[in-house]
Amino acid sequence: KQKHETFLCFFNYYCRSIDGGRTFKKLILASGAKPSYISVSALDRNAVVIAEGGSKKVLYYSSNAGLNFTTVPISFTATTIVWNPSIGSYAVAYDRSARTLYSSINYGQSWKMVKSKVSRYYWAIPMIDRDQTMIYIEAVGGDGEYYVYTKNLRTNTLNVFDQNIGAILPNSLVVSDQYLFVYKKEYDPQNSLSNETMYVSYKRQSFKKALFPILDFHKHHMIMDTTEGQVFLAVNHNTNLTNIYVSDASGTKYTLTLNNVYAAPEIFWRIGRPFVDFYKVNSMLGTYLANKASTGSIFLPANTLITYDAGGTWMHLKPPTVDKNGHPTRCSLPKCSLHLAMTFGNLLGYDSLVSSKSAPGLIVATGNYGKRVSFVRRNTFVSVDGGYTWKEAQDPYPDYAIQDYGSLIISSGNSHQINKTYIQYSCDSGKTWNKLLVANRTLYIINLLTAPGQKTLVTTVAGTMRVNNHREWVIIRLNFTALLPRKCRANDYFNWSASDPLSGKNKCLLGQKQVFKIRKPSVCCYNGNYYKPFNQRTSCQCTSEDFQCNYGFQRLDSSSNCSVIAVDQSMCDGGSKIYMAAKYRKVASDKCKGGVEKEMLSLHEFPCVDALPPVHRESTNLGLYVGVPIGVVAFVVVIAVFYRFGTTRRSSPYTRLARLAGDDDGEGPSDDDGTDRVIASTRSAFKADDFDDDELL
C-alpha cells in the first residue's frame, strides 16, 4: 500500500502525481506513444495498463503505479480492458472491430485469444460464482447462431452454458448478481406474431421463461436493480408505454409495481441508449424513487413517487413546509408534492440525484415542489431521513458529491461563473452553504471525483479552461479538513432508525429495525477515517407492508388489496378447473417474522378460466409526439442535449484520469472502479448501470 494517493493522467502528454494530486509531473510513456485510455487492476492498484490509440499494436504495462512502463506487443487492438474483480492479475481485452476477446493472467504482460465473434462478456460475480476465473460470453457458434458460453481461464475450457436454452438473440445476455438474462424469438399463436421472450437463470441454474401476467407486447427490457434478491425490470411495450415490474426471488415471475413510468422515446432504445426514471436509494433497503410519465406534457415527467417496501406501495414525496428563505411554500399533499429530476436532468448535464451507502438516510437532489415536474423552477433539496421529509437548500447545480459519511455535501456548477470559479459546500446537511474559490478564471468543471465509498474529505475537481484559444485540462485537489471546524464528538451523534413511514411506531423497514449512529444534521463537524456508522438490526413482526402482490395478482388502485388478473397456467395444466394460490408473496429481502405472515401467505381457490376483470392501463403520448410540429422541435432538442452531455461526458475525463490506492480508504475496490462489463452495443436487453456516468477508475 502506498503512503500517498497516486493519480495518473494523459492529455497531450502522460502525467503522474504521487502526492494526491497536489503536483503533477510530465513523463515520457514511450517514443511516439499515443495513449487512448488508462486501465488499473481492480485489486492491485500498482498494476496499470495504458492502451495505444495510434497504429501501433502495443500496450504499456507498469507494475509500480505508473512510474515505469514496459511496452507489450499484442496482435490486436485493445478497445476495452476489464480487470477481474476478484483476482488482481487477471484481465480481458476486447477488440471491437474484430469482435474478439483476449485474456491475460499476468497483469497484461501476455495475452491469449478467448473467443472470436463475441458480442458481450462478463466476469464471474464475486461472492456468487464459485469459479472466479470464469467469463460469461455471448458469441456466435459454429452454426452462425448466438449462444451463451463460459470460459474457465484456469483450465482453458470453453463450454456452452445450459445446452437446453439453445440459440439466443444477439446482444441480449445480461449477467447481474444471481441472475443471467437472455432473449429468444418465439412465435406467439395468440397474437399471431413473433415475440422476443426473456429467459432467466437463477443462481446459475438452467434458464426458465420469464412470466408476465398480462400478455402485452414487450419491445425492450431494462434491468433496473437486482441487489436485493429480486429483479426490478422496466418493460417498454409496443405502445411506447414503459412499466416497472418486480419479480419473485427466482426472477421469473413478474408483477406490475408501477405503470406508465417516464422513460426514453423509442429512438433512444433503438440506438442502445435508453433511460428510465427509476432510482435506488443506496443507503436504504427496499427504497426506490420513480417519475411517472405525463399525459399533458410532450416530454417532461409528471411527478415523483417513492416506495419503502420494494414496490409494494408507492406514495408522493412530502414537500417542504418552508422554502430556502424561510417563507411558507403553501404546498401540501395530496394536491401539491415534491418532484425530483432524474435521468432527464442527467441529459441536461445535471448529476441531479445522489445518495451513498456510507451516509444512511441522506439524499441530495435537484427538483421542485408543485403539481408536476418543472425544469424552470428548480432548486436543491436535501433529505436526512431517507426521503420522508425534505428541505429546500439552495439554487440547483449540475453535480453533487457526498463526502465523509455524509458530513459534507459538495456541489459544482458552470453557469454564471465568469473569470472566477467556485464550488459550494455544506457541513450541516444543506442548511447553510459556503463558497470556495477554486480558480481565478473560468473553469468548466467536468466532474467531482471522490474516493471509493465517499468516506474521506478529499475531492478532486476535473475540468478544462481556455488558454490561448484552446482548452487545457485542469485537476484540482481539495482537502476540506481545514475548512470544517473540528472532529465530531460523542454528543454530536444520535441513533436514527431507517423505517417505512407506513410502519408507524414500529419503525421497521423490510421486516427489520435498522438503527444507525449518525451525526446530527445541524452540527458542523467531520467524522474522520475511523468513524463507523453503528448499524444494529433486529427482526420485526410481519405487517402487510412486508408483502407484495403474487404472480397473477395486482392492486387495481393504490389503496386496494391484490386482486387476480391472470391465471397461473402452470397450475391449471392437466385439465384442472381450479387452482390454489396465495394473493401475496413476501418481499424477497424481507426479514420479518410472525405477525400476519400466515394470513398473507394463505392459499385461496381460483377458477382456471380467463374470465377475469379487465386491467386499467393509462396511455401516454410519450414518443408519439413527433407528428406534432412542436413535438418535432422538442424531440430534436432532446437528441441534441443527449449527444451534447450524454456522450461527451462519458468519454472524458473518466478514461483520462485514474486514481490509485491511497491512505484515505483502507477498504478494497468498490463498485466505482469503472469495470463496465457490458461492452457491445445493445439492441433489446439493457442493464441500468450500463449507462451510469459515475465511472471513476
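**Exercise 1. Is the link of cysteine 542 and cysteine 592 left-handed or right-handed?**

Let's work through it together, keeping in mind that this is a predicted model.

Step 1. Start with the bond itself: a disulfide joins cysteine 542 to cysteine 592, with an S to S distance of 2.0 Å.

Step 2. The angle about the S-S bond is 90°, and the link is right-handed.

Step 3. Next, find the two ends in the chain. Cysteine 542 sits in the loop between β42 and β43, while cysteine 592 sits in the loop between β47 (584–586) and α3 (597–600). The pair links distant parts of the chain, 50 residues apart.

**Exercise 2. Describe the disulfide of cysteine 508 and cysteine 540.**

Step 1. The structure holds 7 disulfides. One of them joins cysteine 508 to cysteine 540, again with its S to S distance given as 2.0 Å.

Step 2. About this S-S bond the angle is -95°, and the link is left-handed.

Step 3. Cysteine 508 lies in the loop between β40 (493–498) and β41 (512–519), and cysteine 540 in the loop between β42 (535–539) and β43 (547–549). They are 32 residues apart.

Step 4. Buried means under 20% relative accessible area. Cysteine 508 has 10%, so it is buried. Cysteine 540 has 7%, so it is buried too.

**Exercise 3. Why is the disulfide of cysteine 572 and cysteine 608 left-handed?**

Step 1. The sulfur atoms of cysteine 572 and cysteine 608 are 2.0 Å apart and form a disulfide.

Step 2. The disulfide is left-handed because the torsion about its S-S bond is about -85°.

Step 3. Cysteine 572 is in the loop between β45 (562–564) and β46 (578–582), and cysteine 608 is in the loop between β48 (603–607) and α4 (629–651). These positions are 36 residues apart.

Step 4. With a relative accessible area of 6%, cysteine 572 is buried.

**Exercise 4. Which residues have the most contacts inside the largest nonpolar core?**

Step 1. This core has 34 residues, and those with the most contacts inside it are Phe181, Val182, Met198, Phe212, Leu233 and Tyr254.

Step 2. Several strands each supply at least two residues of the core, among them β17 (179–188), β18 (193–202) and β21 (232–237). The largest share, 5 residues, comes from β17.

Step 3. Zoom in on leucine 233: leaving aside residues up to four places away in sequence, it touches Met198, Phe212 and Tyr254, among others.

Conventions. Residues are numbered from 1 along each chain as its sequence is written. This is a predicted model: local features need pLDDT of at least 70, side-chain atom pairs count only at pLDDT 80 or more; totals for chains, interfaces and linings use all residues. Side-chain values use heavy atoms; hydrogens and water are left out. A nonpolar core is a set of buried Ala, Val, Leu, Ile, Met, Phe, Trp, Tyr and Cys residues joined through side-chain atoms within 4.5 Å. Buried means under 20% relative accessible area, exposed over 50%, partly exposed in between (1.4 Å probe, protein chains only). Helices (H or I, at least four residues) and strands (E, at least two) are DSSP runs, numbered from the N terminus. Contact means heavy atoms within 4.5 Å. A disulfide is a pair of cysteine sulfur atoms within 2.5 Å.
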